[in-house]
Amino acid sequence: MRAGQGSTEGAEAPGGKLRTDAQSATAGYLAARDDLLRRPGPPGPGRRSALLALTDRWLTDLFTLSGTDKAGAALVAVGGYGRGDLCVGSDLDLLLLQRDSASHSADQIWYPIWDTGLSLDHSVRKVGEARKLAGEDYKVLLGLLDARTIAGDELLTEQLVSSVRSDWRAFAPKRLEEIRAAVDTRRERAGEVAHLLEPDLKESYGGLRDLVILRAIAASWITDVPHSELEAAKLLLLNARDALHDKAPRPTDRLLMQEQIPVANELGLASPDELMRQISKAGRSIAWASDRTWYTANRVTRRSPRRPFKKLLSRPDRHPLAPGVVEQQGEVVLAADAKPAEDPGLVLRAAAAAAHAGLQLTPHAVDRLAKESAPLPQPWPNTARDSFVSLLGAGRAAVTVWESLDQAGIISDIIPYWEVIRSAPQRNPVHRFTVDRHLVETAVAAGRFQREVARPDLLLVAALLHDIGKGRPGTDHTDVGVELVREIAPLMGFNEADSEMIVRLVEFHLLLPEVATRRDPDDPATIELVVSAVQNMATLELLYALTRADAAATGPAAWSDWRQALITDLVNRTRAALTGDEPEALPDLAVEQAEAISAGITVVELSDAAPGDLTRATIVTPDRTGVLSIVAGVLSVNGLNVRASRVATSDGMAISQWWVGANFGRLPNEAKIRSDLILALEGKLDLAARIKRREADYADETKVWALDPHVDVVPEASDQATVVQVRTFDRSGALYRLAGAISRSGADIVAARADTMGSNVIDVFYLTDAQGDVLNEALIQDVVKRLTEAASN
């Protein structure tokens, strides 16, 4: 009888009663779940265990109410739910296991779960079907290895798990190849927990997913898994994931910067930096255990760690790489007669040899070097310094070798103050790595420029040390770094002149990008500033290479085609000043522009001559106060982002050049911009209202970080103008508002630069008064006040 058929007054159809009972059980579960999650205290294993027990009881009730035959089926938890790692936002991974193909009322279990809004991953299988699928799909295999019965026939579950484990042990040597390839792909895609500023706690390498794989390898009986620190690391990542599920708007495993403060508070930690240091260390522990486990699995299955699970080419058993260092079966080991206690340079020699061979040091070799190596003499011998520089210049292969030494504590032993920056987060959305990994990545990137500079050794060491002053809150990292490097460079064996060069590279490592993006290159004071800092061509070339390497290691926002063009232009102008050559002159006005000036008409010209994906817009308009603000507003309402501008006047006309990018990849029509510009100049186009409407389309963009703007006067930046710098949130029409505020003060804008870094923008204005002189103090204060108000609203 179907629900509603044959019912009588005062009675309920069986189907309706089942639904009512399921709804009642579900309501009771949700109420108890909410009560549990509202209890004070940080998330932890106690809360997860309680949530697991609540969920098991609820699903047992649903299984019973569904009428499923307990002797012929079982409701099975798999994956994280099967292991008991049930966080607030975790999926419910469920398998309805059947003894035969009889139809069971699976929907009466699934529908109440769906109604709650909880995420459900479900399937219905017979034992043979599930076993076959586990043999074909390693993800199914990993989930079933941790399967446990929630309700029903436990013998069915035991039969399935036993057969899956037996199959896994029999075929693991072959199937590990597939899993290792997937791990490598995921590592490339999701990065590493230890080194990312916004890691995925589950999918990034060294995260919870790798703990699952370690359990599977242990279950294969191929090798055991290192257990030291893994339980603590797992506990921290689970607690952080639980807190993240609590605090994030929707369940996610990626710990974004804006979630790190509430997660740290939830876990009772002093700061988000402390949270991220702990997570980085946990990720390092898991990654280290994974690397060692995969290494052992490779050896046991007689496959090469250099090219995992591929046949080795025929080669001698032992091949010398360096004194005391040999290659053996595709890995680097210490020679039989090597004596680390009597050979302090061996550790760097072995590391350099391994990196240049594209191989890894064996765990045993690393352990010996960590425990037995004599301290390096101070200053370092030339041979030790050469090995160190050789390691840094070995390219991408150096990263794996470096990490093995770092995890063993060797790097902190040989480089003073390294421990302070180890696993140190950076509160900057432009960066993607922790401080220590950023330095290693910068050295790797600098290796590409070794042939372009006279002293590649100084470049590589400066790249590694340029941010050594970070990790100390409340201090200027460059100032601190200069003092530290002044001590470290001589300890590494560099003479006085070379040490001073490394110090200068650290001191000025931000000079080129800051000047190029925030100063007017046509102002003589700009080039004079750079020339006085670098002093000679050798320093300029080293600084240029370091700048490119630093940007490449930072992230995409730090090295766009636009920034590259600005920095290259600045370097070329500085090079010309140092050599006495004439710098490249500004292009003459085009014929159309000259005609426009003489005719007093408005011209708009878009050119693809600008570098990268930017467009140069040349605009000629009648000169008037506030013209730059009006032009900026018109460009904004036409969907163009302003990156820089240059302004000049001639015969009562304002000639401005703008470097712009299209918001959605398509440039507006020149005629449309000209038409809007004429209307705006005549007061017939309400730019403020148009920009306000555009902002409404992106109303949520400023809600995450409500930071106050900074408005600063830059002293001695120009002899010809007063330079004011504004740091604020990047939003539609920002330059229009700021330029309008300046024009209302009575000051004139003679040049402007705009530099976008992530969600932040740095606008720099070169200002003069009505007579073309620098601003007096009263006018400066008025401009600063108006800019602060404009940037805040």
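**View 1. Antiparallel pairing of strands E13 and E15 in the predicted model.** In this predicted model, strand E13 is joined to strand E15 (residues 760-768) by 8 bridges, the two running in the antiparallel sense. Phenylalanine 729 has asparagine 760 of E15 as its bridge partner.

**View 2. Strand E13 and its pairing with strand E12.** E13 spans residues 722-729 and is mostly covered, with 7 of its 8 residues buried. Strand E12, formed by residues 710-714, pairs with E13 over 5 bridges, again in the antiparallel sense. Within this pairing, histidine 710 lies opposite arginine 727 of E13.

**View 3. Crossing of helices H12 and H14.** Helix H12 comprises residues 346-357 and helix H14 residues 382-392; their axes come within 8 Å and cross at roughly 30 degrees. Angles under 35 degrees count as roughly parallel, and H12 and H14 are therefore roughly parallel to each other. The crossing in which H12 passes H14 is left-handed.

**View 4. Residues in the contact between H12 and H14.** From H12, the contact is made by Leu348, Arg349, Ala351, Ala352, Ala355 and His356. H14 contributes Ala384, Ser387, Phe388, Ser390 and Leu391. Classified by residue type, the contact of H12 with H14 contains 7 nonpolar, 3 polar and 1 charged residues.

Terms used:
Residues are numbered from 1 along each chain as its sequence is written. This is a predicted model: local features need pLDDT of at least 70, side-chain atom pairs count only at pLDDT 80 or more; totals for chains, interfaces and linings use all residues. Side-chain values use heavy atoms; hydrogens and water are left out. Axes are lines fitted to C-alpha atoms, for helices over the stretch in contact, and angles run from 0 to 180 degrees between N-to-C directions. Helices (H or I, at least four residues) and strands (E, at least two) are DSSP runs, numbered from the N terminus. Angles under 35 degrees count as roughly parallel, over 145 as roughly antiparallel, 65 to 115 as roughly perpendicular and the rest as oblique. A crossing is left-handed if the near helix is turned anticlockwise from the far one by less than a right angle, and right-handed if clockwise. Contact means heavy atoms within 4.5 Å. Ala, Val, Leu, Ile, Met, Phe, Trp, Tyr, Cys and Pro count as nonpolar, Asp, Glu, Lys and Arg as charged, and the others, Gly among them, as polar. Buried means under 20% relative accessible area, exposed over 50%, partly exposed in between (1.4 Å probe, protein chains only). Two strands pair if DSSP finds at least two bridges between them.
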